[in-house]
Amino acid sequence: REQRRRLLDVASRFPLPSGCRFSYGTAGFRADGATMAPAVCRAGILAALRSVKLAGAAVGIVITASHNPVGDNGVKIADPDGGMMAQHWEPFADALANAPDPDALLQLVLQFAKDEGISLGGHHTAQVLLGRDTRPTGEYLLDAALQGINAIVGAHAIDMGILTTPQLHWMVRSKNKGIKASESDYFTQLIDSFSRHMLELVPKDKGGDELAKKLIVDGANGIGGVKLEQIKAELSGIDINVRNSGKEGEGILNHMCGADFVQKERVTPHGFSPEDVGVRCASLDGDADRLVYFRMSSASDNKVDLVDGDKILSLFALFIREQLDIINNNGSQVNKSMPARLGIVQTAYANGASTQFLKNHGLEVVFTPTGVKYLHKKALEYDIGIYFEANGHGTIVFSEDFLSQLQSLSNELSSDAANGSAQYRAAMRLMAASQLINQAVGDALSGLLLVEAILQYKGWSFQNWCELYSDLPSRQLKVKVIDRSSIVTTEAETKVSQPSSLQELIDKETANCAHGRCFVRPSGTEDVVRVYAEASTQVEADSLARSVAHHVE
Ligand code: 16G
Ligand code: ZN
């Protein structure tokens, strides 16, 4: 039949090179860009099948390798809600990517379709939106994805062009909600909700001086800087200067720049000079789904004061908590209250000082394993869930139920001539935040605008933000082992369950340090075991990490 023929054809056009082994991992398939075509083509087949299974709802494919070197590339799939592909399809993704020949591939698809109750070749439809970053292998891999999608009868591919990863996730989500989903719709939403914050919702006495308005953004020579250049003139109240914008001659993608570099190395990215000392700076990663802030501390060395994902999380959490408190404890005539469950989600990499800070402010903090798919899912359990990884990936999610309550509260308050009351304004701030922040996935551009809006609202300098708490000194090490899967973790990766003696050794080492905390986990993206240690001094953190690494070897 037609369906069989198409699958056999496409599989023979993209033979799997011998010795290649793909694993869907924490964030899709990733490898040297030149070797990725077979895996990307098969991801195209997979995405089309996913859409058929979900009654033709739009599914997304992003071609990117995020913060990895320019020669790498990768592919991941977004589900109709704009989140990561449902985890129970990952084993099939792996099997499909590694099917050795066209026949094996066909059999796998037929069997899987049968198991999942997907009827192929019938009168179904499927649609897949595609986006890619600026990598040189992007266009070639896009073509492989298109061929994969077209191998499923009835599937329709829509190329959305060169985008940030979160833009594509946003488009998939919007399309399935029946909202307009083009790039200009995305920009309009960001610009409008940001302007609302800055012009209407910031107290009038907190206009901010020139330095407060100035922001330098390291675009990692990726797609985020390009998009920011397109909209920055329309952003009222901030004066943005983009470095490493990806323009010809500015430098190489992610090389000595970007959020991953700044967060791990804690030094100034390429393209900054002593003139920038003291100015508030932000850094995006290559596909603009991670955000960190920093400030050059002095002209004499390249060290930075870092504001990582944990501190962005803390800023967001305080802001949301404050608005909820205003709404609920205002004692206004209207006397409406809105109990809301606010949840903060972190991973074991969150600095212990941030967790303590959040708990001291009465916030509920929970932990999940590393990887956005775990954090996001947990955050969805709350009325408002805020999640961040220390590396700068995170966002805020609002439940539909909460948003509709908020809507009716603000309707009531405004018609009661209470317009302009503190309670009404707090409700409007929450509403604007829910429209500004990308609820599909962490988004450096929308995150950055929310940070800027909150700093203005609070009248805070970078220094005020930095001083929320001081990070405990920490150290990360990688250990090469023969088989990283021999280490199995539990309790959100904070404890080792196998090999059984390892946790005892870690506990013993940790007990020797003041404020000591240490865990090990197999990486989901590299062939290594990672060790993380923190303690009250850098010397102790270093030595704790080293001795535990020794036990892992
Ligand atoms: C991926 C994850 C990131 C995680 C990192 C951990 C997504 C979109 N990205 O980049 O969240 O922090 O992997 O890498 O989920 P590791 O397993 O090598 O430590
Ligand atoms: Zn990224």
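In the predicted model, Asn221 is a buried residue, with 28 other C-beta atoms within 10 Å. Its phi is positive, at about 55°, although Asn221 is not a glycine. The residue sits in the loop that links strand E6 (214-218) to helix H9 (223-231). A positive phi, near 45°, is also found at Asn244, again a residue other than glycine. Asn244 belongs to the loop between strand E7 (239-243) and helix H10 (259-265), and it is buried, with 28 other C-beta atoms within 10 Å. A further backbone feature is the cis peptide bond from Gln498 to Pro499, with omega near -5°. Pro499 is placed in the loop between strand E17 (495-498) and helix H18 (502-511).

An unreviewed UniProt entry lists a binding site at Ser66, Asp285, Asp287 and Asp289. These residues span 224 positions in sequence, yet no two of their C-alpha atoms are more than 8.0 Å apart, so they gather at one spot. Asp285 lies in the loop between strand E8 (281-284) and strand E9 (291-296), and Asp287 is in the loop between E8 and E9 as well. Asp285 is buried, with 33 other C-beta atoms within 10 Å. Asp287 likewise counts as buried, with 33 C-beta neighbours inside 10 Å. When residues up to four places away in sequence are not counted, Asp285 touches Ser66, His67, Ala220, Gly258, Ala259, Asp260 and Arg290. With neighbours within four places in sequence left aside, the contacts of Asp287 are Thr64, Ser66, Asp133, Thr164, Thr165, Gly222 and Ile223.

The protein chain is divided into domain 1 (2-177), domain 2 (186-307), domain 3 (310-466) and domain 4 (474-552). The C-alpha centres of domain 1 and domain 3 are 34 Å apart. Their contact involves 10 residues from domain 1 and 11 residues from domain 3. On the side of domain 1 that touches domain 3, three residues are nonpolar, six are polar and one is charged.

The unreviewed UniProt entry assigns the annotation "Alpha-D-phosphohexomutase alpha/beta/alpha" to residues 53-87 and 111-176. Residues 53-87 are 3% helix and 37% strand, with the end C-alpha atoms 15 Å apart. Residues 111-176 are 45% helix and 23% strand, and their end C-alpha atoms lie 28 Å apart. For the domain "Alpha-D-phosphohexomutase C-terminal", UniProt (unreviewed entry) gives residues 514-550. This span is 35% helix and 32% strand, and 20 Å separates its end C-alpha atoms.

The largest nonpolar core has 138 residues, of which Val40, Val128 and Ala145 touch the most other members. Helix H2 (residues 37-53) gives the most to this core, contributing 11 residues. Apart from neighbours within four places in sequence, Ala145 is in contact with Val40, Cys41, Ala43, Gly44, Ile61, Ile63, Val75 and Leu130. A second, separate core comprises 19 residues, including Tyr532, Ala535, Leu544 and Ala545.

Around ligand 1 there are 15 residues, and those that come nearest are Ala27, Val372, Ser523, Gly524 and Thr525. The shell around ligand 1 consists of two nonpolar, nine polar and four charged residues.

Note on methods:
Residues numbered from 1 in each chain as written. Chains lettered and ligands numbered in written order. Predicted model: local features only at pLDDT ≥ 70, side-chain atom pairs only at ≥ 80, totals over all residues. UniProt positions renumbered as here; feature names shortened; annotations may be inferred. Helix = DSSP H or I, 4+ residues; strand = E, 2+ residues; numbered from the N terminus. Near = placed C-beta within 6 Å. Nonpolar A, V, L, I, M, F, W, Y, C, P; charged D, E, K, R; others polar. Core = buried A, V, L, I, M, F, W, Y, C linked by C-beta atoms within 7 Å. Buried ≥ 20, exposed ≤ 12 C-beta atoms within 10 Å, placed from the backbone. Contact = placed C-beta atoms within 7 Å. Domains from an automatic or database assignment.
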